Amino acid sequence: MIHLPVLITDLGLILAAAGITTLLFKRIKQPLVLGYILAGLLVGPHVAFLPTVTDKESIHIWAEIGVIFLLFSLGLEFSFKKLVKVGGSASITAIVEVVFMLIIGFVAGKAMGWSTMDSIFLGGILSVSSTTIIIRAFEELGVKHKKFAGLVFGVLIVEDLVAILLLVLLSTLAVSQQFAGAEMLVSILKLCFFLILWFIGGIFLVPTFLKATKKLMNDETMLIVSIALCLIMVLLAVKVGFSPALGAFIMGSILAETTQAERIEHLTKSVKDLFAAIFFVSVGMLIDPRILVDYWIPIVIITFATVLGKFLSSGFGALLSGQPLKTSVQTGLSLAQIGEFSFIIATLGLTLKVTSDFLYPIAVAVSAITTFTTPYLIKSSEPFYYFLERNLPKKWVEGLNRYTSSTAGITTLSDWKVLLKSYTFNIIIHSVILISIAILGSKYLQPFITTNLINGNNGIILSLVVTLIIMTPFLWALAIRRIERKAYSHLWLNKKYTRGPLVALEVFRISLAIFFVCFLIFQFYNNWIAIGIALVLIVSGMVVFSRKLQSFYNRLESRFLLNLNAREAQNAQPEILPWDTHLAELTVAPESTLVGQTLIDLSIREKYGVNIALIERGKIMIPTPGRDERLYPNDKVMVIGTDDQLAQIKELFEASVDEKSETDSFPKKDMTLQKIVINTSSPIYGQSIRSSGIRETTQGLVVGIERKGKRILNPDSNMVFENEDIVWIVGNNKKVPELLSKPQ
């Protein structure tokens, strides 16, 4: 008898349970995540009357792979450029929410008598909302076009990055078991250093590689390469002391900047869905129902704290950032849940063995409850706003409106702000690059050269020279390159008293470059003479080869910016956001009444107050279309309007088939090829195809006539039906009998 490995048996059991619960939860229109957790509970060790997974260690390995692909998928949706474009409102809202929820979670845990570590992890679990649940709820409720939805998506992007930071900080805290400020600061700086380094290196190398191999990349190859890149970054992250999840997230965010992002997301979706299902099932396997019964009071308290705390904190954050009261209320109620990142943080506590056994199932229970409440909270957010507006003191409402108006549109930047922002980016980016080159040169290049090429002191000198040559373009960019010439010249010429700070900035840049040269040489020699010689050589080289260095660096910078902006250039869309109106994308459904009509006939602006900014038709972009432009099926139309205006026009664009009359629509399966035989008593005998009314009666076409053994394909519409003609009709098989019974 063939013996089946336990791992395959367990995997089959997990997927069978997940499949059944998935169908059930699809049927009752509930999130699949909850179905997976229920499946894990059923096949876990705590339910005795069903088959149970036996090899838990192997399942934990599968689950860890699930976390990797889940974070890789979130990274593909994240994009660092989206984070930059999120704007102040989403950033302020997210930061206020996270800080408040960390405090609320910690205080709630301590109030219930939990340990310090349990309380800290509870704060982390409650601080991040669920992207998956919110997107699903928005799609079901049809509110993705509303203004507050854009703010919520921006908050979720910031929260993703904050969650990654929390994973690193909580790992450090769990290992040290104390609040060591210096250690925390080192962890944050280390994370920032590697995030910048990986982002710069990834954007420079990965899109270039994908572009060079584009012709060789079919779907199979692209899938393999994408997963390979993900796992390589996982290895790098683990190598420098971070979690595998961080590496997967970073590679996902790098690939999100490429022109292949949508394709990669589509190809890896099935892999992600498979392993994510195993992860969520493993989450359910760790739940002990008895713990849920014993801790029902903490579950109720934490659920209440989550909903109320997230509503107040994110609503207050949105108000603080200058959003109207209505948008703030809708944002606060939309974010009132926890989800996938909360499971990952809870899993981290269990893996590091620093949290109690009860915390994990409590987090899952709270997530399940808040998942059910989210759609109802989003739906009730607008009525609740009107309730607040009626009952709040008028002075408060007027004050909030004045504050919102005063913070809108503050975009002016002084020359000093422009200059300092550019200098800061220049210093941070090139400092990271120079430090990484110096460390790589001393730790890897020098041992390789002295071991395989030249032994002894000559090998060390060669390693130092090669590393210095590689560093030279970046030293030039850090110390000498002119940045924001226009702002710099304004400050230098127009305000003489600002020359002192400008000179100080230049001196600081040069001093920093000298420091990095000294840092490199100290990796090889502890000798001031060597440092002096190297400095003279570097300065001389940068002066003599200044133009060549500038040309070389400009090519590097151009390649980086080209890769960084490639996806944005491919999907370019205008940014037009006046007052409380906003930009939304609507797709013209094939069955919509808008199809084929010109913009002047539709009079959308006159009827609904909505402006059409752009029409995207395949690869064709039509900005500010003219009055004679027509709309065609599947056109993507960028429209500008308020929430109420967009809600009205959305129905026109997405008209369903059900709205049409029965004579205009029938199931696809009813469209068939049928044969009728004409005789002298047939209703259409002696009539032409055009005058017979076949098209109107059968919703079909005459595609062939067989007459006296001769076959006529696609006959002319003026052809007259004769006795014993065999007519072939493509049409509604339920309507063709009406043709035969039509009165003469």
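Predicted model: local features only at pLDDT ≥ 70, side-chain atom pairs only at ≥ 80, totals over all residues.
To see the buried positions, colour Ala-245, Leu-246, Gly-247, Ala-248, Phe-249, Ile-250, Met-251, Gly-252, Ser-253, Ile-254 and Leu-255.

Next, turn to the aromatic rings. The whole structure holds 10 aromatic pairs. For one of them, select Phe-194 and Trp-198: the ring centres are 5.3 Å apart and the planes stand at 40 degrees, so this pair is tilted. Both residues belong to helix 9 (residues 181-212), where a spacing of 4 residues puts about one helical turn between Phe-194 and Trp-198. Phe-194 is buried at 16% relative accessibility, and Trp-198 is buried at 9%.

Now select Tyr-295 and Phe-358. Their ring centres lie 4.8 Å apart with the planes at 20 degrees, so the pair is stacked. Show the flanking helices as well: Tyr-295 sits in the loop between helix 13 (289-294) and helix 14 (296-320), and Phe-358 in the loop between helix 16 (340-351) and helix 17 (359-391), so the pair ties together parts 63 residues apart in sequence. Tyr-295 is partly exposed, with a relative accessible area of 26%, whereas Phe-358 counts as buried at 14%.

Ring pairs link Trp-114 with Tyr-295 and Phe-358 in a cluster.

Notes. Residues numbered from 1 in each chain as written. Heavy atoms only, no water. Buried < 20%, exposed > 50% of the residue type's maximum accessible area, 1.4 Å probe, protein only. Helix = DSSP H or I, 4+ residues; strand = E, 2+ residues; numbered from the N terminus. Phe/Tyr/Trp six-rings, centres within 6.5 Å; stacked < 30°, edge-to-face > 60°.
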